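Colleague: I am new to this model and would like to learn how to read it. Could we go through it one feature at a time?

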Amino acid sequence: MKHWLRFKRPRIARISLKLFAAILLTNVLIGGMSFLLIARSLDQGFIDYLERTQANRADTLATALAERWQEHGNWHWLRDDPRAWHRLVRNQLWPGERQPPSGIDRELSDARDFVVLDAEGEAIIGRPLPPGKPPSDAEPPPQPRFIDIEHQGEVVGRLGYLPPAQLMARMDRIFLQRQLRNMTIIVASLSVASLLLAAGLAWWLGRRARDMTAATRRMTQGDFAVRLPERGHDELSRLSADFNVLAETLDANRRNRQQWVADIAHELRTPMAVLRGEIEAIEDGVRPLGEETLASLAQEVTQLERLVDDLRLLAQSDAGALDIYLAPHDLADTLGARLDEARGWLNARGITLDAEIGTVPAPIRGDPQRLRQLWNNLLSNTCAYTDAPGQLRIRLERHPDHLRLTWEDSAPGVTEDLLPRLTERLYRVEGSRNRRSGGSGLGLAIANALVTAHGGTLTPSASPLGGLRWTLTFPVRHGDDVLDHDTP
């Protein structure tokens, strides 16, 4: 009882939790990796761009300083008036603008970050280089890059500027804080979105999985009437459709099995009841134990043996263990020989035989005994369910890859809706084609099993003669096959 309660207790499906965790973790990892890779790529590309831009600006300022040197012939104008340097930088780098732009462009174009040296290396304007080496525990100051200021091929000074990578070092703190904030926002937003997506998807898949699990459990308990809703066109919907087909097939098989057992019991009851009645009559002295009584008992035993043999053959066919020995054979030979034997008693029953088999070889791989059994079953069915005077017409057609045999008789016939059921075990059509001959209802089922064992098909249809048409197809044997003993 405790085990049953533990089994029935509702709980979250593990597949939902696994799916939820997988989606959430995957999205977070993808978001974080994408952010780091994109940030690294943008930083490196941005630094390269700033390097080129800063070098171009330095060249522009060096050209402007060379022009001013040509006007004044010295650097006194720049040493005596520091404002002239700021005006020069603003006019050269931001012409037409009163104020320099804001942001990183302003940081990289600050006049205070440039240094101008004369020809002897003395600082004229800007931050001079610190003398000596810094202490070992101190961070080294940023080192500027220098380009020459030339006038008529003579170096009159040098212009120094800080590379963007070094100049931006002082902005690292602000940049790092901004990046961390942005990354936190991105990861948090992605986590929330992933949380909602994973929760919704996990709940949806978990519900479908729980429905399938519950339906499977009910089917294992014998409830084959359970069905799953088929929503959408995805794989789960197709799985639900396949599950429904499986449940319907199992339900049909169970009904057929029950009907099969009931029909077998009914078929066995008749000869058993006759035997019992005969034996009781002998015991009571009502009937004498003579040759006539023994012949009657033997007839019932023979019918019972025939029924058991037929059931055994069908069981072997279902299990794929039918005793059949395939060898190179000519279909027309066995069919023609059996029809020649049957022509006399067909005429005696008022049935005219019209056979067109021809003399062209019809090679197949078959078992002569099983083929003879097939012809016997078809002949018995025709004799039992054809009104006299009647007609049986047989045609054998040869095609490159198969042989087609049409077997059709005259009235009475069968309605279209009953044709597919003619090869069912123990099935008999009520009405004109009923159990007039005392047959067991297994002859056509056995015929179908024998045709299938030869790799062919048996298909019923309405005959133009008013009765039934059976279309049999057999694969043609190619080449020089030798005798073998394959058992399908």
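**Reading the model, feature by feature**

Modeller: Gladly! Q152 has a relative accessibility of 73%, so this residue counts as exposed. The scale runs from buried (under 20% relative accessible area) through partly exposed to exposed (over 50%), using a 1.4 Å probe and protein chains only. Before we go on, this is a predicted model, where local features need pLDDT of at least 70 and side-chain atom pairs pLDDT 80 or more, while totals for chains, interfaces and linings use all residues. Residues are numbered from 1 along each chain as its sequence is written, and side-chain values use heavy atoms, without hydrogens or water.

Colleague: Where is the place of Q152?

Modeller: Q152 sits in the loop between strand 3 (145-151) and strand 4 (154-161). Helices (H or I, at least four residues) and strands (E, at least two) are DSSP runs, numbered from the N terminus. Q152 also has a positive phi of about 55 degrees, although this residue is not a glycine. For a glycine with positive phi, look at G455, which follows helix 12 and has a phi near 80 degrees.

Colleague: How many residues of helix 12 are buried?

Modeller: Eight of the eleven, so helix 12 is mostly covered. Its buried residues are L444, A445, I446, A447, A449, L450, V451 and A453.

Colleague: How do I check the length of a helix?

Modeller: Compare its span with the expected one, which is 1.5 Å times one less than the number of residues. Helix 11 (residues 368-384) has 17 residues and reaches 24 Å from its first C-alpha to its last, close to the 24 Å expected.

Colleague: Which residues are buried in helix 11?

Modeller: Among them are R370, L371, L374, W375, L378 and L379. When you trace such a list, remember that an α-helix has 3.6 residues a turn, so residues three or four places apart point the same way.

Colleague: What happens at the start of helix 11?

Modeller: There is a polar contact, meaning a pair of N or O atoms within 3.5 Å, one able to donate a hydrogen and the other to accept it; residues adjacent in sequence count only if both atoms are side-chain atoms. A side-chain oxygen of D367 comes within 3.1 Å of the backbone nitrogen of Q369. Now turn to T334, found in helix 10 (residues 331-348). The side chain of T334 reaches the backbone oxygen of L331 at 3.1 Å, and T334 is buried, with a relative accessible area of 14%.

Colleague: How many aromatic pairs does a search of the whole structure find?

Modeller: The search finds four. Rings of Phe, Tyr and Trp (its six-membered ring) pair if their centres lie within 6.5 Å; planes under 30 degrees apart count as stacked, over 60 as edge-to-face and the rest as tilted. The W75 and W77 rings have centres 6.4 Å apart and planes at 35 degrees, so this pair is tilted. Both W75 and W77 are buried. W85 and F114 form an edge-to-face pair, 6.3 Å centre to centre with 75 degrees between the planes. That pair links distant parts of the chain: W85 is in helix 4 (residues 82-93) and F114 in strand 1 (residues 114-118), 29 residues apart. W85 is buried at 2% relative accessible area, and F114 is buried at 1%. Ring pairs also link W69, W75 and W77 into a cluster.

Colleague: And how do I read empty space?

Modeller: Rolling a probe the size of a water molecule over the atoms shows where empty space is left. A cavity is a set of points on a 1 Å grid over the protein atoms alone where a 1.4 Å probe fits but cannot get out, and lining residues have an atom within 4 Å of a point. The search of the whole structure finds one cavity of 30 Å³ or more. About 40 Å³ of space lies in the largest cavity.

Colleague: Which residues line the largest cavity?

Modeller: The lining is made of R208, D211, M212, L228, P229, R231 and S240. Its largest share, three residues, comes from helix 7 (residues 172-220). A215 is found in helix 7 too, and is buried at 3% relative accessible area.

Key: On a 1 Å grid over the protein atoms alone, a cavity is a set of points where a 1.4 Å probe fits but cannot get out, and a pocket is an open set with protein on both sides within 12 Å along at least five of seven lines; lining residues have an atom within 4 Å of a point. Grid points are joined across faces, edges and corners, and a volume is the space filled by probe spheres set on the points.
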